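Please keep the structure in view while reading.

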Amino acid sequence: MALIHQATVNPTKVELLAGWLPGRDWYTGPTGEVVRVASYRFDDPAGAVGIETMLVRVGDGPVLQMPLTYRDAPLDGGDEWLIGTTEHSVLGKRWVYDAFGDPVYAAALAEAILTGAGQVEEFVQHEDRLERRDPNMGIAVIGHGSAGAPAAGGVQRVAEGDPTLVVTETVELTVRRRLDAGGELTGAVLTGTWAGQETPVPLASATPR
């Protein structure tokens, strides 16, 4: 499960993205306020890394898919993937990464697609109790494998762009950034729906090597 704390975060994740997006080679949208549209989460079995994929929009631009990971210490060798740091009123300083550079994300995405596991349940911490939070978007997998799908293994190569390609020891992952663009995804495909978007949109795919 994903545990969500009632907390203040400074700067917020969308504020970090507002400063980071204009510097990306693949980003061609407007500059301005970043607005959260929806999100879904995966689980780190070790419980150490937060894994959240946010859908955002800048101004009247398209919906963008932003996979993020949150850590309580810098990711070894991950400087080029760092979006920024933020202060969480409960968890303290957090390092926020573009998740394509984080092997924990690659493993979680591969498992979610190849086994059809989907997103994790979210629970909000209210002092002495946990309250389940309904997801604000749905995800589903078309053509997934079985529960015995191989683990992703180490990340061997990341080709940034739109879509972005992540090659691991056992699987190739393709993740779309801009969700209004065309282009087919092959293999097992992760799709998403959210408020105002009832027709499933391809988000990512996984193809065993």
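Glu160 is partly exposed, with a relative accessible area of 43%, where buried means under 20% relative accessible area, exposed over 50% and partly exposed in between, for a 1.4 Å probe and protein chains only. The model is predicted, so local features need pLDDT of at least 70 and side-chain atom pairs count only at pLDDT 80 or more, while totals for chains, interfaces and linings use all residues. Residues are numbered from 1 along each chain as its sequence is written, and side-chain values use heavy atoms, with hydrogens and water left out.

Glu160 sits in the loop between strand E11 (155-159) and strand E12 (164-168); strands (at least two residues) and helices (H or I, at least four) are DSSP runs, numbered from the N terminus. Together with Asp25, Asp79 and Glu80, Glu160 makes up a patch of negative charge on the surface. Such a patch is made of residues with over 30% relative accessible area and no salt bridge, like charges being joined within 9 Å.

An open sheet is formed by 6 strands in the order E2-E6-E7-E5-E4-E3, with antiparallel pairing. Its edge strands, E2 (9-10) and E3 (34-42), each pair on one side only, and two strands are said to pair if DSSP finds at least two bridges between them. E3 pairs with strand E4 (residues 50-58) in the antiparallel sense over 8 bridges, and Leu55 in E4 is the bridge partner of Ala38.

A salt bridge is a side-chain nitrogen of Lys or Arg within 4 Å of a carboxyl oxygen of Asp or Glu, and by this rule the count comes to 6.

| Salt bridge | Distance (N to O) |
|---|---|
| Glu52 and Lys13 | 3.0 Å |
| Arg41 and Glu52 | 3.3 Å |
| Asp98 and Arg177 | 3.0 Å |

The pair of Asp98, in strand E7 (residues 92-98), and Arg177, in the loop between strand E13 (171-175) and strand E14 (188-194), links distant parts of the chain, 79 residues apart. Asp98 is buried at a relative accessible area of 1%, and Arg177 also counts as buried at 0%.

How do the other two pairs tie parts of the chain together? Glu52 lies in strand E4 and Lys13 in helix H1 (residues 13-20), so their pair ties together parts that are 39 residues apart in sequence. Arg41 lies in strand E3, so its pair with Glu52 in strand E4 ties together parts that are 11 residues apart in sequence. Glu52 counts as buried at 2% relative accessibility, and Arg41 is buried as well. Lys13, Arg36, Arg41 and Glu52 are linked in a network of salt bridges.

Key
Patches are made of residues with over 30% relative accessible area and no salt bridge: like charges are joined within 9 Å, nonpolar side chains (Val, Leu, Ile, Met, Phe, Trp, Tyr) within 5 Å. Accessible areas come from the Shrake-Rupley method with a 1.4 Å probe; for residues, only the protein chains shown count as cover. Lys and Arg count as positive and Asp and Glu as negative; His and the chain ends are not counted. The place of a charge is taken as NZ of Lys, CZ of Arg, CG of Asp or CD of Glu.
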